[in-house]
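Subject: Structure handover

Hello,

Here is the structure I promised to pass on. Please open it alongside this email; my notes follow below.

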Amino acid sequence: MAALPVYRWRLAPDGYATRRQLRARGLRPGGQCVAAQLERPRRRRGPLVAYLYRIDLAKPVRPMRPGRWAALAAANRARRVCPQCRRDAGYVIPTSLGMCVPCAYPDSADSPRSV
């Protein structure tokens with residue numbers, strides 16, 4: 001296996017892009033192997049590495065199908081339901097609390113359910 005070409009940060013030649021850059025163009029790697037890598041030096045640790053893919057071999061992003069949209073909507077809806085009181089909180093339940101704010105702090109004067 002040949003070694004990957006390594007470029008310094010911001011000095012990669014045209015025709016290469018990271019996954020995020022591909023996504024911004026509406027593309028995906030499409031099964032191709034990593035073509036090169038970028039290295040950004042750091043002072044106290046090893047360099048930051050970003051993998052590059054060839055733009056000419058990238059494929060278009062697959063569109064979302066209705067079933068996937070429905071599954072995503074259901075998952076987001078489930079993140080809003082409090083497991084304690086089973087109500088829609090109106091916001092995504094914080095994972096740090098694990099329940100809506102009124103259930104986490106029932107004695108608080110700021111609780112909307114205590115009014």
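**Two loop arginines**

Arg86 is exposed, with a relative accessible area of 65%. Its place is the loop between helix H2 (66–78) and helix H3 (101–104). Look at the backbone there: phi of Arg86 is near 60°, a positive value in a residue other than glycine. Please keep in mind throughout that this is a predicted model.

Arg10 also has a positive phi, near 70°, and is not a glycine either. This residue sits in the loop between S1 and S2. Arg10 counts as exposed, at 74% relative accessibility.

**The sheet**

Next, the strands. There are four of them in an open sheet, in the order S1-S4-S5-S2. The pairing is mixed. Which strands stand at the edges? They are S1 (6–8) and S2 (16–17). Each has a single partner strand, so one side of each is left without a neighbour in the sheet.

As background, strands of a sheet pair through backbone hydrogen bonds, either parallel or antiparallel. Both senses turn up here. S1 and S4 (residues 36–40) are parallel, with three bridges. Within S4, Gln37 is the residue opposite Val6. S4 and S5 (residues 48–54) run antiparallel, with five bridges.

In space, the C-alpha atoms of Glu39 and Arg8 are 5.2 Å apart, while 31 residues separate the two in sequence. Glu39 is partly exposed, at a relative accessible area of 27%.

**The core**

Which residues make up the largest nonpolar core? There are six: Ala17, Leu22, Leu27, Tyr53, Ile55 and Ala58. In soluble globular proteins, nonpolar side chains tend to be buried together.

Leaving aside neighbours within four places in sequence, Ala17 is in contact with Leu22, Tyr53 and Ile55, among others. Tyr51 and Leu52 are also on that contact list.

Thr18 comes next in the chain. Is Thr18 buried or exposed? Thr18 counts as buried, because its relative accessibility is 17% and the limit for buried is under 20%. Thr18 lies in the loop between S2 and helix H1 (19–24). Not counting residues up to four places away in sequence, Thr18 touches Ala50, Tyr51 and Leu52.

**Charged pairs**

How many salt bridges does the structure hold? Two. Side chains of opposite charge can pair when their charged atoms come close.

- Arg54 and Asp56 meet through their side chains, at 2.7 Å from N to O. Arg54 is partly exposed, with 33% relative accessible area. Asp56 is exposed, with 54%.
- Arg80 forms a salt bridge with Asp88, and the closest N and O atoms are 3.2 Å apart. Arg80 is partly exposed, with a relative accessible area of 30%. Asp88 counts as partly exposed too, at 48% relative accessibility.

**Rings**

The count of aromatic pairs comes to one. The partners are Tyr7 and Tyr16, and the pair is tilted. Centre to centre, the rings are 6.2 Å apart, with 45° between the planes.

Arg40 lies over the face of Trp9, at 5.6 Å from the ring centre.

**Where to start**

Best wishes

Methods. Residues are numbered from 1 along each chain as its sequence is written. This is a predicted model: local features need pLDDT of at least 70, side-chain atom pairs count only at pLDDT 80 or more; totals for chains, interfaces and linings use all residues. Side-chain values use heavy atoms; hydrogens and water are left out. A nonpolar core is a set of buried Ala, Val, Leu, Ile, Met, Phe, Trp, Tyr and Cys residues joined through side-chain atoms within 4.5 Å. Buried means under 20% relative accessible area, exposed over 50%, partly exposed in between (1.4 Å probe, protein chains only). Contact means heavy atoms within 4.5 Å. Two strands pair if DSSP finds at least two bridges between them. Helices (H or I, at least four residues) and strands (E, at least two) are DSSP runs, numbered from the N terminus. A salt bridge is a side-chain nitrogen of Lys or Arg within 4 Å of a carboxyl oxygen of Asp or Glu. Rings of Phe, Tyr and Trp (its six-membered ring) pair if their centres lie within 6.5 Å; planes under 30 degrees apart count as stacked, over 60 as edge-to-face and the rest as tilted. A charge sits over a ring if NZ of Lys or CZ of Arg is within 6 Å of the ring centre and within 35 degrees of the ring normal.
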